[in-house]
Amino acid sequence: MRSRTFKVIVTGRANVGKSTLLNAVLGRNGLVHTSKKPGRTKTLNFYRVGPDPGYLVLVDAPGYGSRGRPEWGELFDHYVANRSVLKRVYILFNGKHGLNEVDHIMLQSLEEKCQAQIDANPWTLQAVITKADSMEGDVRKAIQDIQRDIFETAPTCLPGIITAYSKRAQIGIDDVRRSMVEACGLGRIEETIRHS
Ligand SMILES: Nc1nc2c(ncn2[C@@H]2O[C@H](COP(=O)(O)OP(=O)(O)OP(=O)(O)O)[C@@H](O)[C@H]2O)c(=O)[nH]1
Ligand SMILES: [Mg+2]
């Protein structure tokens, strides 16, 4: 019997699309509350996947940055530093806006935490570029620029998975599911995530 439950955390600026992505990954619209107004998610919320007690827990974090909730940082630091079951942190960036100053600070700080834990509790850092459907102009170049920015700020961060989840387009959701399963070494629960 599997004795451990694995966790992945989704973080990023307020309004970047964290809760929307988790809804999409879980295949359940409305399970995770989303909002047009930044600051909708106010605490860490946990979503268990798989038969009891659950193999994988998806954690939706409050957004950071302007009009987000700065005070959640401490809670998050504690969480990342103390849970041996943490397997991957997803940091989301809005494809239309790219990385701002706070994004750079957060990404750099997560990279440092990730490196500091590499021997004790190894977890990986994965970028996600959201709202690809709302990008305009030379999208390919804009994505390349964001990927370069991510790499230059955090060389060990896995390159951004491109996602969109709106009426207009749904992109990259399966890639995120696969990535979560792979991060935790749980090959057989992919179907569980899809149907939970
Ligand atoms: N066009 C488009 N809109 C999106 C996408 N993902 C999220 N949104 C919209 O962006 C807004 C914010 O989405 P949320 O998922 O609530 O964002 P969040 O990061 O959880 O926000 P906080 O909890 O406030 O930090 C909502 O109006 C979503 O419908 C996307 O891929 N494309
Ligand atoms: Mg949210």
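In what order do the 6 strands of the open sheet lie?

**Figure 1. The open sheet of the predicted model.** The strand order is β2-β3-β1-β4-β5-β6, and the pairing is mixed. Strands β2 (45-49) and β6 (158-162) form the edges, each pairing on one side only. From one strand to the next, the twist averages 25°. Strands of a sheet pair through backbone hydrogen bonds, in either a parallel or an antiparallel manner.

Figure 2. Val-128 has Ile-161 of β6 as its bridge partner.

**Figure 3. Helices α4 and α5 against the sheet.** Helix α4 (residues 139-153) lies across β4 (86-94), β5 and β6, and runs at about 155° to β5. Helix α5 (residues 173-184) also packs on the sheet, where it touches β1 (6-12), β3 (56-60), β4, β5 and β6. The direction of α5 makes about 155° with that of β4.

Figure 4. The buried residues of α3 include Asp-103, Met-106, Leu-107, Leu-110, Glu-111 and Cys-114. An α-helix has 3.6 residues a turn, so residues three or four places apart point the same way.

**Figure 5. The exposed face and N-terminal cap of α3.** Glu-101, Glu-112 and Ala-116 are exposed on the face of α3 turned away from its buried side. At the N-terminal end, Asn-100 caps α3, with a side-chain oxygen 3.1 Å from the backbone nitrogen of Val-102.

Technical notes
Residues are numbered from 1 along each chain as its sequence is written. Chains are lettered from A and ligands numbered from 1 in the order in which they are written. This is a predicted model: local features need pLDDT of at least 70, side-chain atom pairs count only at pLDDT 80 or more; totals for chains, interfaces and linings use all residues. Side-chain values use heavy atoms; hydrogens and water are left out. Two strands pair if DSSP finds at least two bridges between them. Helices (H or I, at least four residues) and strands (E, at least two) are DSSP runs, numbered from the N terminus. Axes are lines fitted to C-alpha atoms, for helices over the stretch in contact, and angles run from 0 to 180 degrees between N-to-C directions. Contact means heavy atoms within 4.5 Å. Buried means under 20% relative accessible area, exposed over 50%, partly exposed in between (1.4 Å probe, protein chains only). A polar contact is a pair of N or O atoms within 3.5 Å; within protein, one must be able to donate a hydrogen and the other to accept it, and residues adjacent in sequence count only if both atoms are side-chain atoms.
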